Amino acid sequence: MTPPRPVRAVSGGAAVVVLGAALAGCTAGGWSDLPAPGTPWTLADVYGGGWDRALVACPYETPETFSTVHGLPYPGPDLTSRDDVQVVVLLDGDQVVEQDVLARDDVDLCATDLGELTPDDPLVVDASLAPERAVRPA
């Protein structure tokens with residue numbers, strides 16, 4: 001049985017859904033219950049399938065910068081003057097499948113440059129980085 005994941009907004013409307021699957025080896029809680037630092041996991045462990053690449057919009061990133069760097073319109077909330085959240089954008093080709101607004105207190109995907117990610121790219125929490133829940137490639 002798969003534990004529930006956190007509620008999040010899905011692109012293409014204001015629908016909010018509860019999605020299945022949490023991080024492998026974790027109890028229920030998804031992002032709020034990451035594996036121990038140094039234990040590899042993937043975004044597929046968090047989001048399941050149905051997408052082929054992920055982009056992360058970081059604090060203070062403008063929609064224009066996101067569009068220029070990634071070649072597609074930014075689908076998330078304005079981060080221009082925010083440092084408390086980041087946005088994971090899941091894509092299938094150039095079609096946005098899902099966007100997930102994450103509090104940096106829960107996980108920090110912007111502490112290192114993760115670049116474009118695939119579902120199977122190994123990641124780890126690196127407790128030696130600030131903040132304590134910073135993520136880097138494994």
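The points below go from the whole chain to the disulfide and then to one histidine.

1. The model is a predicted one, and its chain contains two helices and seven strands, which follow one another along the sequence in the pattern β-β-α-β-α-β-β-β-β.

2. Of the 138 residues in the chain, 38% count as buried, while the accessible surface amounts to about 6800 Å², with 54% of that area belonging to carbon and sulfur atoms. When contacts between residues at least 6 apart in sequence are considered, 45% of them join residues at least 24 apart.

3. A search of the whole structure returns one disulfide, in which Cys-58 is joined to Cys-110 with an S to S distance of 2.0 Å. The torsion about this S-S bond is about -95°, and the disulfide is therefore left-handed.

4. As to where the two cysteines sit, Cys-58 belongs to the loop between strand E3 (53–57) and H2, and Cys-110 to the loop between strand E5 (95–103) and strand E6 (123–125), so the pair ties together parts that are 52 residues apart in sequence.

5. The two partners fall on either side of the 20% limit for burial: Cys-58, at 22% relative accessibility, counts as partly exposed, whereas Cys-110, at 17%, counts as buried.

6. His-70 is placed in helix H2, which spans residues 63–70, and with a relative accessible area of 23% His-70 is partly exposed. The C-alpha atom of His-70 is separated by 8.3 Å from that of Leu-55, a residue 15 positions away along the chain.

Notes
Residues are numbered from 1 along each chain as its sequence is written. This is a predicted model: local features need pLDDT of at least 70, side-chain atom pairs count only at pLDDT 80 or more; totals for chains, interfaces and linings use all residues. Side-chain values use heavy atoms; hydrogens and water are left out. Helices (H or I, at least four residues) and strands (E, at least two) are DSSP runs, numbered from the N terminus. Buried means under 20% relative accessible area, exposed over 50%, partly exposed in between (1.4 Å probe, protein chains only). A disulfide is a pair of cysteine sulfur atoms within 2.5 Å. Contact means heavy atoms within 4.5 Å. Accessible areas come from the Shrake-Rupley method with a 1.4 Å probe; for residues, only the protein chains shown count as cover.
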